[in-house]
Amino acid sequence: MTELGVFSSLFIAHCVFNGFLSYTCTMLNIVTIHALRKTPSLPMTLKALLLSLSASDLGVGLIVQPLYVVRLIMISGEKNQTQTYTIIEHMVLITGNLFSYASFLGVVALAAERFLAIHFHLRYQEIVT
């Protein structure tokens with residue numbers, strides 16, 4: 001039995017799990033973006049940071065996870081020596097890194113903004129524009 005044949009059931013489970021998480025991530029981030037746009041009580045800076053974080057997570061659910069599932073399917077089919085596989089591999093790496101960095105920097109900016117809101121609660125409107 002080939003080395004990939006041993007892990008074929010693991011690849012299938014991984015593909016199904018990522019497909020489910022991709023759908024869940026997409027739907028919940030769409031709901032979050034809609035709710036944030038309809039909420040007038042949030043400050044504009046907080047709303048903008050939360051919207052950017054939801055948008056980057058939506059990109060993960062719409063682009064990165066489906067590409068990753070395609071990559072796993074190509075690996076399990078032992079077609080990982082083709083040019084298409086190489087292109088998909090690079091797309092997964094580039095988009096995965098892009099959206100990961102965007103999410104991380106969004107969380108950092110959100111944490112810094114909340115720190116300023118708590119620490120400088122009286123001068124917050126002067127500091128944050």
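User: What share of the 129 residues in the protein chain is buried, and what makes a residue count as such?

Analyst: In this predicted model, buried residues make up 30% of the 129 residues in the protein chain. A residue is called buried when its relative accessible area is under 20%.

User: Why is S103 called buried?

Analyst: The relative accessibility of S103 is 14%. The cut-off for buried is under 20%, so S103 counts as buried. This residue belongs to helix α4, which covers residues 83-119. Leaving aside residues up to four places away in sequence, S103 touches L53, S56 and D57.

User: Why is L51 called partly exposed?

Analyst: L51 has a relative accessible area of 24%. Buried requires a value under 20% and exposed one over 50%; L51 therefore falls in between and is partly exposed. L51 sits in helix α3, residues 44-76.

User: What does L51 touch, and what makes a pair of residues a contact?

Analyst: Contact means heavy atoms within 4.5 Å. With residues up to four places away in sequence not counted, L51 touches I33, L36 and R37. As for P40, 11 residues from L51 along the chain, the two C-alpha atoms are separated by 13 Å.

User: How do you know that the protein chain is more spread out than a compact globule?

Analyst: The chain has 5 helices and 0 strands, in the order α-α-α-α-α along the sequence. Its radius of gyration is 20 Å, whereas the globule rule gives 14 Å for 129 residues; the value is well over the rule, so the chain is more spread out than a compact globule. The C-alpha trace spans about 70 × 25 × 20 Å along its principal axes.

User: What share of the contacts with a separation of 6 or more links residues 24 or more positions apart?

Analyst: Such pairs account for 63% of those contacts in the protein chain.

User: Where does UniProt place the feature "transmembrane region", and what is the helix content of residues 48-70 and 90-112?

Analyst: The unreviewed UniProt entry places this feature at residues 6-36, 48-70 and 90-112. In the model, residues 48-70 are 100% helix and 0% strand, with end C-alpha atoms 33 Å apart. Residues 90-112 are likewise 100% helix and 0% strand, and their end C-alpha atoms are 33 Å apart.

Definitions and conventions: Residues are numbered from 1 along each chain as its sequence is written. This is a predicted model: local features need pLDDT of at least 70, side-chain atom pairs count only at pLDDT 80 or more; totals for chains, interfaces and linings use all residues. Side-chain values use heavy atoms; hydrogens and water are left out. Helices (H or I, at least four residues) and strands (E, at least two) are DSSP runs, numbered from the N terminus. The radius of gyration is taken over C-alpha atoms; the globule rule is 2.2 Å times the number of residues to the power 0.38. Buried means under 20% relative accessible area, exposed over 50%, partly exposed in between (1.4 Å probe, protein chains only). UniProt positions are given in the numbering used here, feature names are shortened, and annotations may be inferred rather than shown by experiment.
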